[in-house]
Amino acid sequence: IGEMHTCSLNMLALVNDFLDVSKIESGTFEINKTHVVFNSYIEALIKKNKMFAKNKNICLNLNLPDEVMDIEVDIERITQVFNNLISNAVKFSYPNSSIDINCYIKSSRLFTEIIDHGTGMKPEYAENIFRGFFAKGSMGTAGEKSTGLGLAICKKIVDAHCGDILVESEIGKGSKFTLVLPC
């Protein structure tokens, strides 16, 4: 029953990804921005993701500045982006490792770096991962699979927020994804 439940959740996530892609492609994708105190928001989000990371004994380290950071975002959509980036970092990290999440403000923009010390990727893959259905070589360290849709959807969500999403990666050393949002 547990495996059936897990498979059902995976199928539901896949259907929701296809629906998001359909909305984006048809131009009916909308964002509804609200004021968010980022510090408490990201702390709560990391707390929820720690359960997922615990399955591989991965430690999530959050580094926040003392200053309060405020942003205007569609909380549901930005949560989707963060959950995808963090779950990917866990997926491609080795068991018993760590992931660093660094947040800071620079030039009126909020930067959030998600740094894993996992498998990394080839430079040519890094250039294509924000395109839909690009899942080449994307098997996780515990055999986790990917549809290749998550990062393409994330890119569209971040673009709709007038932000940016960047990647740096090196085979065998890990990846750093940087989410940049206006404050």
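Trainee: Which residue of β7 is the bridge partner of I115?

Mentor: The partner of I115 in β7 is K176. Please note that this is a predicted model, in which local features need pLDDT of at least 70 and side-chain atom pairs count only at pLDDT 80 or more, while totals for chains, interfaces and linings use all residues. Residues are numbered from 1 along each chain as its sequence is written, and side-chain values use heavy atoms, with hydrogens and water left out.

Trainee: What makes β5 and β7 a pair of strands?

Mentor: Strands pair if DSSP finds at least two bridges between them. Seven bridges link β5 to strand β7 (residues 174-182), in the antiparallel sense. The names themselves come from DSSP runs, numbered from the N terminus: helices are H or I runs of at least four residues, and strands are E runs of at least two.

Trainee: How many bridges does β5 make with β4?

Mentor: Strand β4 (residues 98-106) pairs with β5 over eight bridges, again in the antiparallel sense. I99 has D116 of β5 as its bridge partner. The hairpin of β4 and β5 has two residues between the strands, and S107 takes a positive phi near 50° there.

Trainee: Why is β5 described as largely enclosed?

Mentor: Buried means under 20% relative accessible area, exposed means over 50%, and partly exposed lies in between (1.4 Å probe, protein chains only). Seven of the eight residues of β5 (residues 109-116) are buried, so the rest of the structure largely encloses this strand.

Trainee: How do we know that E168 and K176 form a salt bridge?

Mentor: A salt bridge is a side-chain nitrogen of Lys or Arg within 4 Å of a carboxyl oxygen of Asp or Glu. The closest N and O atoms of E168 and K176 are 3.6 Å apart, so the pair meets the definition. K176 has a relative accessible area of 21% and counts as partly exposed. E168 belongs to strand β6 (residues 164-170). Leaving aside residues up to four places away in sequence, E168 touches G174, S175 and K176, where contact means heavy atoms within 4.5 Å.

Trainee: Which other salt bridges are found?

Mentor: The whole structure holds five. One of them joins E170 to K173, with closest N and O atoms 3.6 Å apart; E170 is partly exposed at 43%, and K173 is exposed at 57%. Shared partners also join E113, E168 and K176 into one network of salt bridges. Another salt bridge, between D159 and K155, has its closest N and O atoms 3.2 Å apart.

Trainee: Why are D159 and K155 about one helical turn apart?

Mentor: The two residues are four residues apart in helix α5 (residues 150-160), which means a separation of about one helical turn. D159, at 36% relative accessibility, is partly exposed, and K155 is partly exposed at 22%.

Trainee: What makes the pair of Y104 and F111 stacked or edge-to-face?

Mentor: Rings of Phe, Tyr and Trp (its six-membered ring) pair if their centres lie within 6.5 Å; planes under 30 degrees apart count as stacked, over 60 as edge-to-face and the rest as tilted. The search finds four aromatic pairs in the whole structure. Among them, F38 and F82 have centres 6.0 Å apart and planes at 45°, and the pair is tilted. F38 lies in helix α2 (residues 38-54) and F82 in helix α3, so this pair ties together parts that are 44 residues apart in sequence. Both F38 and F82 are buried. The ring centres of Y104 and F111 lie 5.2 Å apart with planes at 0°, so this pair is stacked. Y104 is partly exposed at 29%, whereas F111 is buried at 16%.

Trainee: Which residues form one aromatic cluster?

Mentor: F38, Y41 and F82 form the cluster.

Trainee: How does the length of α3 compare with the span expected?

Mentor: The expected span of a helix is 1.5 Å times one less than its number of residues. Helix α3 (residues 75-91) has 17 residues and reaches 24 Å from its first C-alpha to its last, close to the 24 Å expected. Twelve of its 17 residues are buried, so α3 is largely enclosed by the rest of the structure; the buried residues include R77, I78 and F82.
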